[in-house]
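Hi,

Here is the structure I said I would pass on.

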Amino acid sequence: MAVRQRAVATLPTLMRALRKVSPSLPQRLPSLRRAFSLYDQINLIDNVPEDQLRFQGYTDSGFTVNGVHYKGSLLCVGNLMLSWSPKKMSDITAESLSIFQAVRPIPEILIIGTGRYIQPVNPEIWKFIRSTGMKLEAIDFRNASSTYNILNEEGRIVAGALLPYGVSE
């Protein structure tokens with residue numbers, strides 16, 4: 001109890017002493033972002049290995065992947081990329097995706113980039129993809145390419161079937 005009374009008695013003296021001390025230079029408080037984020041120290045996006053696919057841009061007719069521009073649709077599995085024949089959503093069939101019957105290890109998810117807008121996927125495609133053991137996500141190209149980049153950078157086995165941004169069937 002005596003310790004507590006002594007601490008309470010010295011508190012006003014301590015407060016007066018702190019008020020008298022003023023720093024000579026203005027000190028900035030640390031940014032919470034810097035205090036709680038490693039982004040400034042480790043930038044994963046810029047440190048992707050050269051052999052890893054990374055979508056960096058797009059036009060109405062194609063994509064920029066790892067600094068190279070490709071025209072037309074692309075089929076990607078992990079870090080492999082192929083030119084792909086479908087030009088619009090209605091061209092995508094089980095046959096156009098038949099490579100996934102042979103690919104091992106089986107990707108955990110197939111991301112279909114549907115072009116400029118989200119478009120419905122033919123139920124036949126859903127059934128085929130489920131039969132291979134993959135999950136299916138059909139989203140517009142911009143979100144599809146971003147999702148592909150993130151999952152691929154995490155080291156997950158991911159596949160992408162991407163129509164160019166200009167497709168709006």
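First, a definition: a nonpolar core here is a set of buried Ala, Val, Leu, Ile, Met, Phe, Trp, Tyr and Cys residues joined through side-chain atoms within 4.5 Å, where buried means under 20% relative accessible area, exposed means over 50%, and partly exposed is in between (1.4 Å probe, protein chains only). Keep in mind that this is a predicted model, so local features need pLDDT of at least 70 and side-chain atom pairs count only at pLDDT 80 or more, while totals for chains, interfaces and linings use all residues. Residues are numbered from 1 along each chain as its sequence is written, and side-chain values use heavy atoms, with hydrogens and water left out.

**The cores**

The largest nonpolar core has 22 residues, and those touching the most other members are Ile92, Leu97, Phe100, Leu110, Ile112, Ile125 and Ile129. Two or more residues come from each of strand 4 (73–77), strand 6, helix 3, strand 7 and strand 8; helices (H or I, at least four residues) and strands (E, at least two) are DSSP runs, numbered from the N terminus. Helix 3 gives the largest share of this core, three residues. Another core lies apart from that one, with 16 residues that include Phe63, Val65, Leu74 and Ala144. As background, nonpolar side chains tend to be buried together in soluble globular proteins.

As for Ile129, leaving out residues up to four places away in sequence, its contacts (heavy atoms within 4.5 Å) are Leu97, Leu110, Met134, Lys135 and Leu136.

**Helix 3**

Which residues of helix 3 are buried? Helix 3 spans residues 123–132, and Ile125, Phe128, Ile129 and Thr132 are the buried ones. They sit on the same side of helix 3 because they cover an arc of only 95° around the axis, taken from the directions from the helix axis to the C-beta atoms. The cover over these buried residues includes strand 6 (109–113) and strand 7 (135–139). On the other side of the helix, Pro123, Lys127, Arg130 and Ser131 are exposed.

Both ends have something to look at. At the start of helix 3, the backbone nitrogen of Glu124 has a side-chain oxygen of Asn122 within 2.8 Å. Just after the helix, Gly133 has a positive phi of about 95°.

**Salt bridges**

Searching the whole structure gives three salt bridges, each a side-chain nitrogen of Lys or Arg within 4 Å of a carboxyl oxygen of Asp or Glu.

- Arg116 and Asp60 pair up at 3.1 Å, N to O. Arg116 is partly exposed at 25% relative accessible area, and Asp60 is partly exposed at 47%.
- Arg156 and Glu108 meet at 2.8 Å, N to O. This pair links distant parts of the chain, 48 residues apart: Arg156 is in the loop between helix 4 (141–153) and strand 8 (158–162), and Glu108 is in the loop between strand 5 (80–84) and strand 6. Arg156 is partly exposed at 35% relative accessibility, and Glu108 is partly exposed at 33%.
- Glu154 also bridges to Arg156, with the closest N and O atoms 3.4 Å apart. Shared partners join Glu108, Glu154 and Arg156 into one network.

**Aromatic pairs**

The whole-structure search finds six aromatic pairs. Rings of Phe, Tyr and Trp (its six-membered ring) pair if their centres lie within 6.5 Å, and planes under 30 degrees apart count as stacked, over 60 as edge-to-face and the rest as tilted.

Phe55 and Phe141 are an edge-to-face pair, 6.3 Å centre to centre with 80° between the planes. Phe55 is in strand 1 and Phe141 in helix 4, so the pair ties together parts 86 residues apart in sequence. Both Phe55 and Phe141 are buried, Phe141 with a relative accessible area of 1%.

Phe141 also pairs with Tyr58: the ring centres are 5.5 Å apart and the planes are at 70°, so this pair is edge-to-face. Tyr58 is partly exposed, at 35% relative accessibility. Ring pairs link Phe55, Tyr58, Phe63, Phe141, Tyr148 and Tyr165 into a cluster.

Cheers

Definitions and conventions
A polar contact is a pair of N or O atoms within 3.5 Å; within protein, one must be able to donate a hydrogen and the other to accept it, and residues adjacent in sequence count only if both atoms are side-chain atoms.
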